[in-house]
Structures are given as structure tokens and as C-alpha cells.
Amino acid sequence: MVKRESIKSEHEELKLFHSRSLVAAAVVFLALAGILFRLFVLQVEGHDYFTEESRKNYLKSLPIPPARGIIYDRNGKVLADNRSEYVLAVVRDEVPGKVKDTIKRLEKLIPLSDKEKQKFYQKMWRQNRYQATVLRSKLTEKEMAVFSVNQPRFPGVRINVQMERYYPLGEIAGHVLGYVGKIDKRDLKRIAKREYKGSTHIGKSGIEKFHEKLLHGKTGYRIIEVDAHGKPQKLEKQEDPIVGKDLFLSIDINLQITAETLLKGKRGAVVAMDPRNGEVLAMASVPMYDPNLFVNGISHKNYNALRNNLDRPLYNRAIQGTYPAGSTIKPIVSMAGLHYGVVTPASKVRAPGYFQVPGHRHRYRCWNKRGHGSVNMSYAIAQSCDVYFYSLAYRLGIDRFAPFMKLFGFGGKTGVDLPSEGAGLMPTREWKKKRHNATWYPGDTVNIGIGQGYWISTPLQLVSAISTLSMKGKRLKPRLLRGIRKSKNLPEEIQAVSYLPSVKVKSQKMWNAPIQGMINVMHSPFGTARRSGAGAAYEIAGKTGTAQVFGIGQKEKYNARRLAKHLHDHALFVAFAPAHDPKIAVAIIAENSGGGSHVAAPIGRRIIDAYLLKRYLLPEDEENAKEGENTKKKKKKRNNR
Amino acid sequence: MDILSRVFRWFNQLDLILMSGLVILLFLGSVTLYSASGENYAMVSRQGLHILLATIVMLLLSQVKSKTMQSWTIWVYGLGVLLLILVMAQGHIGMGARRWLDLGVFRFQPSEIMKLAGPMMVARYFSDRPLPPSLKDIIVALCIVMLPVLLIVKQPDLGTSLLVASAGLFVIYFAGLSWKLIIATLSAIPVGGYFLFHYGMHAYQQQRVLTLFDPESNRLGAGYHIIQSKIAIGSGGVYGKGWTEGDQSRLDFLPERHTDFIFSVFGEEFGLLGNIILLSLYVFIIWRSLYLATQGKDTFSRLLGGSLALTFFVYLFVNTGMVSGILPVVGVPLPLVSYGGTSIVTLMAAFGIIMGLQKRKRDYRHTPHT
């Protein structure tokens, strides 16, 4: 005790303890000041950032896809529509027990393929447990009935409605409409992803692709508050989607059907246009395909069948097919001659059945070996005298010829509102140098004078050029979109026409002779299409053409029977009517079908009649028959019930 | 009359200033817990029971005389070590660690005893030795501290072992450990930390440390806690989102929000202003406890009181540091606010001890009455 007292000093210890306590208090104070500083950094400096992070945490925006615009023809017939599709969907959170067990029981009622199940599981695990995952699309009526009866046994499984694009007319006007398909990686690159949240489909071709922006509409949003598990708590804000605009095409669907029916069994295209405003009245390309096949992803089998078909049904011949125009461009070549003063309507050319470039031995033969004698412009057009145009083109020379043709739109896209339009080719001296590294020979010009050689164009370019001729130089941009309607209750807004630079020739009178020549083609006793012009209730101006696909030797004769079908001549025809007050212009091409006057001109006459006299060629009988069948079916169903 | 005076003396024994600080803090804690639990009355009333039990323990301990406490020390420490070994052998596994001892009626963490028994034992050791201590005494004291710490680290429970270690070391500090040694030890910590990280830590503990330095690297894994906690505190701003209006806690983005991360809920709902008030309250309690320790009548009382006061601070510092993202996530609750019975009982027991240890002057004053 004594020892301890001597060493242990109460006073010293207390002093020591006090100083230690003071230091400790200082450390406590500093450390908590540090914490407070940290809180200041988070709550004052970082406040905006963390508020945003917090909002990102709990606010989720769910897109509401807009309904796609409906496509009508000019008279309001529905060409592309949205229909409801019923799908089976599963909400994981509402399924008691394992989802797998529910699926197993479900399979006994509704057959599910392994692929469907695999896709479903993949998708389900990526989504949160409160989201519905589609298990099976395209439920049949029977499946829906079976499921509905058993629904109480399957909590968490339900039938949902989805909108699906539908083309009620099937393959009719399929090339023009195009189709929608599931959005793929390539689409994602070219679209604003934000705008397509919630959308599954996008226009892939035709009008559906070209006017995607109008048709798609604006995605709406539902901003909801969710908890950490993704469970929705309440609706914060909703922005309704704006439905896509309804489009009214310039197509007259009855004329379209007429054109398609006339081409049945052939390969070819028909384009009909109103020269006064550029409205495309019909655009047929045969063979056709059914766009409905593509909407939910075409099967490999169907796709390969379309791809490998030698007749290439997927290809829109009216805008993508490039053909030698043949004699159909002769009236326009005449205009070039008149404009440059190379010929006058009355000046005559001796046509002995062939043409020779001075100083050369090669004979450019006329279709008529015997020759046409001495011919003027009108007769040359009516008789389609090759020699007259060989001579004319030779005298014009390519350097005047090509630029003049470009004024009519040859060698360039017309600018129609469809994707992947072909430009054709209007050859020039420079082009040949570049492309073939060869000089331009006078003989090249001679061939071009009758629409052969390097010169190729699309049926749409042809009808556009002929329309320009019919309007005496006034050019209108061909278009398919005639009117737009913002919503069902609003009136249709007709789109303004758009003019292209007119063709200006030295004198407006110059237009008369070529047009007269075309009238003679149809209505004079020596016209190549006089049979097709006979009995018309109005005057038609037309021009036939027969384009060679296969070069024939100097002394050989064209013999259709000996040549393979794909080497046969293309039959062409262009026309407009009434000749002095044009309301319709047409261009027809029937591939490898022989002469223009026999094959193409009658089709042209029939189309003009259909449009001007409302004498459409509709497979009504077939339709009636089908309708009869349908009613029978319906009756049967009723009986079943 | 006898009973009345006894009751009066009980309350006289209490330090009403410290007591009022604790009552306000416990009230604030329960209010916060109501919001953090998702307005769960059942949880708040359970916490109320914990508080009641803890207060009784505090009242009882505040009556124990320093000498009695000193005489218990060796038994409490021995029992604690024994139970820790028992847990090691057959403890209940929860959250990947062996911490709990199932006593049938309730489960119980023996490591909690050590938060009190550890510093008591060291204070007891120094109580009849000259201070500042000799090197030999320091080494013995270190051994007393490290034995339970190592047992707890092995469970593994980083948070509790940290608290037990600091409680013991604070006693040595108050005993008068030379500043040279303190500075040498503090500078050795980074080196020791390196070895501890590589050889002494479980993978999950290493992950926690790594996540601290770059929480974004593991957004959905271990970093999630810290990121969400920072978002909660930061989005609270100066004024807070209001009671029960915290989006982060209400919508379940904040994990463990009623236990270790309850400070984030408080910060989100009451903002920087609320935090300043809360921290001030803690500072007040720590200050009062330290003051009471300086009033201790003997070495044992002062050393133990000072150590318990600073341990309370360590709780606060580690918890707020961890939820605000400047310290690693070690499982340390926000003292007297986080949900959980054991920690509240232990903490209130400590305050009971602190109150009981005082009365250097008053004891003399009351002596004639007894």
C-alpha cells in the first residue's frame, strides 16, 4: 500500500487524464468536422447530380407505341390496315410457383414449339418480374376459346392484344405499298431510337418505307414510379402517343387491279399517270408477292421461293427494271430534231430499209426490210420507220441528243416517292470513255436514235417523258402520295403538285407534229397500233416499241421460235389520252413477249378505256365466287354452333 | 419513505444531462426507424421494447459501485472469452459468419459482451499500477485486448472486432501511452493495413475495401450499397425530402436501410440541417460522457469511462463515414438509432457504467447519509 502510494500519484494521474481527454475531444471534433464536410460535399455540391441519379432510379418511362397510319387508295379503299392480333403473355410475378410448371401445364392445352419456349425464357429473364412476356403470338380462335375456359387455372397467364399490320388486298399493289417488318440492326442505325421505343415494326420497302416518318406517328410515354425491384408504384405523368398519319395514295385501286390482271402470266410492268399533276394512277409489276408474308418475319422457305424465282417477283419492275425503250421514244427524238432544226415536220427522208453511216459499210436495218420510201415525221412515227430516226440521230449527234433527252428525265431518277428507284442510263461520250474506255462512234448514236444500244430507262421514266410530251413541255414530278389525314376526324389534305423544270423548245408549235404522229399510230390506216386504236371514244396518242434483247447478226433473221424465251423481244407501248386534253399517260412493258403492237398496245388501250370510261377489268366473278364460299363457311359455322 | 428516498437516490445517481441527450437521440432514432422500416409499426414497437430493456439495464448498472464493477471484471471477461470460443465451436451461422449463440429463447452475440468486458479488463489491469504504464504493462494490456479481438475477427466480424479493439486501445491511451509510441503505431498502420489486406482478410472483406475506393466498378454488386447510400444522402440536399418522403428508402433502393444504413435515410429525409442537428446531439453526448469520465473517483473509473465515451464516437464515425462513402463498409450500426436489440443494450449499458463510475465528489457528499 505504501509502495503503491509512493509511485501512484492521484494528482499526476488526473493531470494526465485531463490532457488526454482534451486531445481526444479535439480529435473527435476534427473527425466529425470531416464527416460534416463530406456531408456538405454530398448534399450541397452533389445535390443536383444525386437528385438526378435518384430520379433515374425510380422513374421509368414506358413507351406507348403509336398506331401506324392507314394507307388508302385515292378513293378511300383500304390498302394497308392495322388489325388486332391476340397473344398469350405471362407476368412472372403473378405466376404462383415456378413458371416452368405453368408452361408445362399450358402446353397440354396449347401446343408450344421449343423455339417459342426458348425465346420466351430468354426474354422473360431479361425483363423484370412485373412485365408481361409474350409466350405465343397469333392465337387462333380455337386456342383462345380453349384458354379462356381454362384461364382460372393459369394465374399470371393472359391474352393480350397487339396491333399487327395487314394488307387486306394481298399481293395487289404489293410493290407500291411495300411492307413493314421487325426492326433489325440495320434499321436501328438509321432511325432515332428514342422515337421507336415500344415500336416493333418499321417500313422496309415501298410506301411503307418511303413515308415511314408520316406513317409511324409519335411515341407516347408513361412515366411511372417504380421501386428497386421494378414494381410499378404510381403513374407520374403520361404523354399520349400521336397516331401516324393516314395516307391517301394517288393509285386508283381498280385501275391497278385492271393493269395487274392484264399482265397476268407475263413478266412486265404498267405505269399509268395523270400528266396534269404527276399522280401515279397505277403502278403494276408482275409477277407479284404478298406483303403480308413479311410482316412477322418471312419463313426461310417462303423467302427462298421468292428469291430463287427466276421471274424475280420481289423486284418492282416499274421503277427498278431498266429496259431499252425501243421505238417508244421516237416522238421525243423527233422533238430533238425539230428543236435543233435538223428536221422540220415536212422534211422527208429516203428510207430504203437500211441506213449507212457515210463512209461505212455497216447497214442499220429497218424492221421493214422493204423500206418505207420517202417519209416525213408524222409518217415515220406512225410507221415507226427506223431509217428516219437513224438518220435524224446521226445528224443530231450524241452531244445534242443526250442533253436533250436528259431534259425529259432520261438518265436520272424521277424522284417518285418510293425507295430504290432506278436511274436508267442516258449514255454520253464521257460516260463511254469512263465506263468502257472507248471512243463514241457515230454508229452508237445511230442505235440510240431508235431507243436501242446503251440507252436504258425504267417504265416510270418512260411514262414521265411521254407525259411531258403530252403536256407540251410541262413536267410534273411523279408521286404516289396524294393526300394526308392527320386523324380520322380531320379532312384529307391534298398535297401540292411539284413541278420539275419544263422542257423549253424554240416554238411551242413544234410539239404538234410528234403528237400528231402518235395519233396516227393509233388512228391512221398505216399506224402500227391502228387495231388497238380502233373504235376508241376519244383520240389516243400512242407509240409502240419492240426492244431487242438479243443482238442479231447482219444477215440473220429474228426468229422467235428458235430463240430462248428470255432472249425474245420486249413489247412496249406508251400512250396518252385524250390526245389534246391528256388525262392519263401510260407506259407498258411486257418482257420477252414479242412485238409492241400485238402485245403491249392492246393492254394500253384497255387501261385507258378502264380509266376514262370506268370500264375496269376486275376479277369480279372470282370475287363473287369467293364471297359465296365465305358465306357458305359462315353458315356452316352457325350450324356448328 | 424509505422507498421514496431510494427512488430519489436512484435518480440522483443518474446524470440527467447525459440522460436527456440520450432520450432525444433515442426518440429521433425511433422516428427515423419508422420511416426506414417502411412505416412498420411492429418493427418500431419491437425497437421500443429494446429501448425499454436497454434503459433498465442502464439504470441498474448506474447503481453499481466502481469497486463492485472492478470485482466483476475478471469474471465477465473470462465468461466473454469462453463464450467466444463456444461460438467458434458451434455458433449459429448468419450472413456467412459465425456470430450468434442460440440460447433457445433468444440469439445472442457474445462479442457484444467484449465491447464492455474488454476495456473493463484493461482498466482493471492498470488500476493498481503506476501510470504512465511501463512497456511490460503495455504489452500485457495489448494481450488482454487482442485475445477477444482475434477470436471475433475469426468469426468473421470486422465491425465488432474494430470496436472491441478500439475500446481496449483507448484505455491504454488514457493510461498514458507515450506519444512517441502512438505516432509510431499510427504510421505503422498503412504498412500493417497492407499485410492485413493481403493475408488477414476474407475475400468479402477485401471486396469491401476495393469497392470503397471505386464503388462504380461494381455497381450492381458490392458497390451498390455505397452508390445508393450516396444518392440518398446527396439527393436529400440542405433541407431533406421530408419525413417518410425519402424516395431512395421508400422505394427500397437503399439496402439495410433500417440497420447499418439508417443514417442515409435520415440524411435523405432531413437534409444537411438534420445532419448537423444529429451530429451536434452526438457531440453533446460524447462531450458529456468524457466530462463524466474526468469526474471519476479512481483510475479504473476514469479509464473505463473515457474509453467507453470514445468507443461511442468510433461507432458514430465509422458508420457515418461508411454510409457517406469515405470508409469501407464494415458492419457498424449508427449508435442508438439503427434497429437491433443487442447493440442498443450494450450501448446503454455503457452509459449506465459511465454514470455509475462518476460521483467522486458526490460520493463524499452522500457518505454521511449511507
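**Note on a two-chain predicted model**

1. Three helices of chain B, namely H5 (110-127), H13 (299-323) and H14 (341-357), each contribute at least two residues to the lining of the largest cavity. Helices here are DSSP runs of H or I with at least four residues, strands are runs of E with at least two, and both are numbered from the N terminus. A cavity is a set of points, on a 1 Å grid over the protein atoms alone, where a 1.4 Å probe fits but cannot get out, and lining residues have an atom within 4 Å of a point.

2. The model is predicted: local features need pLDDT of at least 70 and side-chain atom pairs count only at pLDDT 80 or more, while totals for chains, interfaces and linings use all residues. Residues are numbered from 1 along each chain as its sequence is written, chains are lettered from A and ligands numbered from 1 in the order in which they are written, and side-chain values use heavy atoms, with hydrogens and water left out.

3. The whole structure holds four cavities of 30 Å³ or more, and the largest has about 100 Å³ of space. Volume means the space filled by probe spheres set on the grid points, which are joined across faces, edges and corners. H14(B) gives the most to the lining of the largest cavity, five residues. The lining of this cavity has eight nonpolar residues, two polar and one charged; among them are B:Lys115, B:Thr311 and B:Phe351. In this count Ala, Val, Leu, Ile, Met, Phe, Trp, Tyr, Cys and Pro are nonpolar, Asp, Glu, Lys and Arg are charged, and the others, Gly among them, are polar.

4. The largest nonpolar core has 130 residues, and A:Leu255, A:Met283, A:Tyr388 and A:Phe410 touch the most other members. Helix H24 (residues 596-613) of chain A supplies the largest share of this core, eight residues. The core lies between domain 1 (62-249) and domain 2 (253-613) of chain A, because both give residues to it. A nonpolar core is a set of buried Ala, Val, Leu, Ile, Met, Phe, Trp, Tyr and Cys residues joined through side-chain atoms within 4.5 Å. Buried means under 20% relative accessible area, exposed over 50%, and partly exposed in between (1.4 Å probe, protein chains only). A second, separate core of 112 residues includes A:Leu42 and B:Phe351.

5. The bounds of the two domains come from an automatic or database domain assignment. In domain 1 of chain A, 39 residues are in contact (heavy atoms within 4.5 Å) with 34 residues of domain 2 of chain A.

6. Chain B has 15 helices and three strands, and 56% of its 370 residues count as buried. B:Arg302, in helix H13 of chain B, is buried with a relative accessible area of 1%. Leaving aside neighbours within four places in sequence, the contacts of B:Arg302 include A:Glu10, A:Glu13 and B:Thr294.

7. Most residues other than glycine have a negative phi, and most peptide bonds are trans. The bond from A:Val286 to A:Pro287 is cis, with omega near 0°, and the bond from A:Ala577 to A:Pro578 is cis, with omega near -15°. A:Asn437 has a positive phi, near 50°, and is exposed at 59% relative accessible area. B:Glu39 also has a positive phi, about 55°; at 41% relative accessibility, B:Glu39 is partly exposed.

Note on methods: 1 Å grid on protein atoms, 1.4 Å probe; cavity = no way out; pocket = protein on both sides within 12 Å on 5 of 7 lines; lining within 4 Å.
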